[in-house]
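Subject: Structure for your review

Dear colleague,

Please find the structure below, together with its sequence. A summary of the findings follows it.

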Amino acid sequence: MLVVRRSSLVILGVVALAGCSDSSGPSDTTIELAVDSVASPTNELTSLITGTTDPGATVSLEGPQDTLSQDADTDGAFSFTVSLLANAISEFSVLAVDQAGNQAADTLDIEQDSEAPTAGFVSPAGGSSTLGQSGFTIELGFSEETTGLEYFSGVDSETFEITNSQPVGGVLLQDGTTSTLYPAGSDLTPLFDAVTESGGSWTVPDSAAFTAGPNQMLASISDRVGNESSPGVVAFNVTADPDRLIVGDSEGGAGATGVPVIIGLSNGDSVAGVQFDFVFASATISSVDSVTVRDRASAFDGIDFNQTSPGRVRAVLFDSNGDVLVPGKSAILTLWITLSAAATPADYTLLAEAIILSNPLGGTSTLAPASGTLRVP
């Protein structure tokens, strides 16, 4: 805990000698002294000490690097600009003496800290590779301890900042929504909700997946008086997750029409086309009515969409020019369905299978089946 150490106010008086009393009334045997509080700790090497005493009283100050004196003004105010010991506690004594010789004393301690804390990455290790785009832990440690320094103000966790050289998040979630995208270089502190004075750790969830490839993170923190650390730096490689199709969860009542089913990729930064079969039970879904390409719709100039057999619709999207569609980690199309009037309340499985991705070089890859949930309330 940071404190300003102050002694209690001391007011002293002198006893008037016989024959020296003030004949106009009772002699004045007291003097007041009040020293104002100052910012402590501070990262400044000087400070202003102010206060009040009796008008005209002589005020003297003693410090580790100062011996000063002045007379209080007509309002009793005084002020001293004093020098502080670096990274230490400076002790000051103040003495006020009025014309009658009455004295009052006070002391004041000011703590100075100009030493910046340190911020460093514990994990991932520099030069290492993750096992995927999420699920790995980012751990940091903070310190302001330096041998030979007497005083430290402490790390202020509210000043923590962290960025990454590549985008983070923007992931298609199972409910069909897309998580928050943090562009390259943007502030990632909202993702770190458990930072303390000693550090913090964060396990990357699927919703905040990192971009595959080289990544570099920078982190910094300040202490309570504003000394900012040099950035902690770690460079590491994020291993790409396997491409995966996502069938978003949907909900609609019996007989509902125009119910959307979001289809997208969890990964796939270089995709020129996608093909899959959407499989359903006609007792639950009476028809698949249309398909809408989302986001980079203009990249697709060919859309084949037909019911190949009862309860099965094939969707084939491609770009005849071989241009790259870059869906990233987001939705790429929506299937619009009509629910059967006979559908009973339950959770039903939506299945996509026979999934094939094509890349700009003409190569293809087959993905595992993907499923979502259709809820009929």
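Arg312 has a relative accessibility of 23% and therefore counts as partly exposed; buried means under 20% relative accessible area, exposed over 50%, and partly exposed in between (1.4 Å probe, protein chains only). Please note that this is a predicted model, in which local features need pLDDT of at least 70 and side-chain atom pairs count only at pLDDT 80 or more, while totals for chains, interfaces and linings use all residues. Residues are numbered from 1 along each chain as its sequence is written, and side-chain values use heavy atoms, with hydrogens and water left out.

Salt bridges

The side chain of Arg312 meets that of Glu353 in a salt bridge, at 2.7 Å from N to O; the term denotes a side-chain nitrogen of Lys or Arg within 4 Å of a carboxyl oxygen of Asp or Glu. Arg312 lies in strand E23 and Glu353 in strand E25, so this pair ties together parts that are 41 residues apart in sequence. Strands (E, at least two residues) are DSSP runs, numbered from the N terminus. Glu353 is partly exposed, because its relative accessibility is 21%. Salt bridges that share partners join Arg312 and Glu353 with Asp277 and Arg314 into one network.

Since Asp277 belongs to strand E20 and Arg314 to strand E23, the pair ties together parts that are 37 residues apart in sequence. Asp277 is buried, at a relative accessible area of 3%, whereas Arg314 is partly exposed at 30%.

In total, the structure holds five salt bridges. Another of them joins the side chains of Arg224 and Glu197, at 2.2 Å from N to O. Arg224 lies in the loop between strands E15 (213-223) and E16 (232-238), and Glu197 in the loop between strands E13 (181-182) and E14 (199-203), so the pair ties together parts that are 27 residues apart in sequence.

Nonpolar cores

A nonpolar core is a set of buried Ala, Val, Leu, Ile, Met, Phe, Trp, Tyr and Cys residues joined through side-chain atoms within 4.5 Å. The largest has 32 residues, of which Leu245, Phe276, Phe278 and Leu335 touch the most other members. Strands that each supply at least two of its residues include E20 (273-279), E23 (312-318) and E25 (346-358). Strand E24 gives the most, with five residues. Another core, of 25 residues, lies apart from it, and its members include Leu140, Phe142, Val155 and Phe192.

With kind regards

Notes: Helices (H or I, at least four residues) and strands (E, at least two) are DSSP runs, numbered from the N terminus.
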